[in-house]
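The sequence and structure come first.

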Amino acid sequence: MTWVEAIVLGIVQGLTEFLPVSSSGHLRITSAIFFGRDAGASFTAVTQLGTEAAVLIFFFKDIWRIVRTWCLGLVDRSVRSSLDYRMGWYVIVGTIPIGIFGLLFKDQIRTAGRNLWLISFTLIFFGLVLAFAEYWGRQTRTLENFRMRDGVIMGFAQAAALIPGVSRSGGTLTAGLLLNLTRETAARYSFLLAIPAVVISGVFSIPDVFEPSAPGTAAPSVAQMVVATVIAFAIGYAAIAWLLRYVAHHTLYLFVLYRVALGSLVLCLLLTGTINAT
């Protein structure tokens, strides 16, 4: 992997991780168009450690309060009715689907799941599903109305994002809107829900990123991986604040249009033979 490649992909990861446009899909597309190869699923997973570090810092007070209350609630019944205690369980239970599917389909995610025909289709299809959710959802429920059922459903939506092009935030925002949650509520839970899965996936992918098994995958050096992750962290931190402000006052149709346009562009490039699907 070249330094330009590592820096560009770090920037792309930071810009797209929290937007409902699929960061893994963007990394795959960027690699194919500009560098003629795939950076690999492990590279995506490790750079996500940078963006999740941004989440940990941005929501540190909330996370610490939830963790502390959840631990206290294990021995003190009086706090079990609090939102923070329940939110701890919602995140734990919501993480189970992606853990199970990630283990079951690990090999497919790293190989067939990175096919650009599939990514272009998922960008368009799930973009349209997001548009339907934005139109249909009543957005009457806030975090105080959040229930275990919501956490489970959004957990399965997050698991769908194991396929590049679906989008972790896009899937959870879509599910949240269909559950009549407000955009901001769905976004906040989405940020918290991603932490366990992304951190565990990133840590376990560190050995693989330097010795990728997929043919044609670009292997970064340790220095390149660190720089890409730090860049993703810095840009991702700014993206969190921007997205929370944006979803509080705007619809998600802009992202829908972008997804459909990008997916259509990739289809055109594939049909003309400009880029290869694998």
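The crossing of H1 and H2 is right-handed; a crossing has this hand if the near helix is turned clockwise from the far one by less than a right angle, and is left-handed if anticlockwise. The model is predicted, so local features need pLDDT of at least 70 and side-chain atom pairs count only at pLDDT 80 or more, while totals for chains, interfaces and linings use all residues. Residues are numbered from 1 along each chain as its sequence is written, and side-chain values use heavy atoms, with hydrogens and water left out.

**Helix pairs**

Helices are DSSP runs of H or I with at least four residues, numbered from the N terminus. Axes are lines fitted to C-alpha atoms over the stretch in contact, and angles run from 0 to 180 degrees between N-to-C directions.

| Pair | Angle | Axis distance |
|---|---|---|
| H1 (residues 3-16) and H2 | roughly 150 degrees | within 9 Å |
| H5 (residues 83-104) and H8 (residues 148-160) | about 30 degrees | 8 Å |
| H7 (residues 116-136) and H9 | roughly 30 degrees | within 8 Å |

H1 and H2 are therefore roughly antiparallel to each other, a term for angles over 145 degrees, whereas those under 35 degrees count as roughly parallel. Their contact (heavy atoms within 4.5 Å) is made on the H1 side by Val4, Glu5, Val8, Leu9, Val12, Gln13 and Thr16, and on the H2 side by Ser23, His26, Leu27, Thr30, Ser31 and Phe35. By class, the H1 and H2 contact has 6 nonpolar, 6 polar and 1 charged. Here Ala, Val, Leu, Ile, Met, Phe, Trp, Tyr, Cys and Pro count as nonpolar, Asp, Glu, Lys and Arg as charged, and the others, Gly among them, as polar.

H5 and H8 are therefore roughly parallel, and H5 passes H8 in a right-handed crossing. H5 contributes Trp89, Tyr90, Val93, Gly94, Pro97, Ile98 and Phe101 to the contact, and H8 contributes residues including Met148, Val152 and Phe156.

Val129, Leu130, Phe132, Ala133, Glu134 and Trp136 of H7 meet Gly170, Thr174, Leu177 and Leu178 of H9. This H7 and H9 contact divides into 7 nonpolar, 2 polar and 1 charged.

**Pocket and cavity**

On a 1 Å grid over the protein atoms alone, a cavity is a set of points where a 1.4 Å probe fits but cannot get out, and a pocket is an open set with protein on both sides within 12 Å along at least five of seven lines; lining residues have an atom within 4 Å of a point. Grid points are joined across faces, edges and corners, and a volume is the space filled by probe spheres set on the points.

The largest pocket has a volume of about 800 Å³. Its lining comprises 33 residues, with Gly102, Leu162, Ala197, Ser201 and Ser205 nearest the centre of the pocket. H10 gives the most to this lining, 8 residues. The pocket lining divides by class into 14 nonpolar, 13 polar and 6 charged residues.

There is 1 cavity of 30 Å³ or more, and the largest cavity has a volume of about 50 Å³. Glu17, Phe18, Glu52, Arg168, Ser169, Ser190, Phe191 and Ala194 line the largest cavity. H10 also supplies the largest share of the cavity lining, 3 residues.

Note on methods. Helix = DSSP H or I, 4+ residues; strand = E, 2+ residues; numbered from the N terminus. Parallel < 35°, antiparallel > 145°, perpendicular 65-115°, else oblique.
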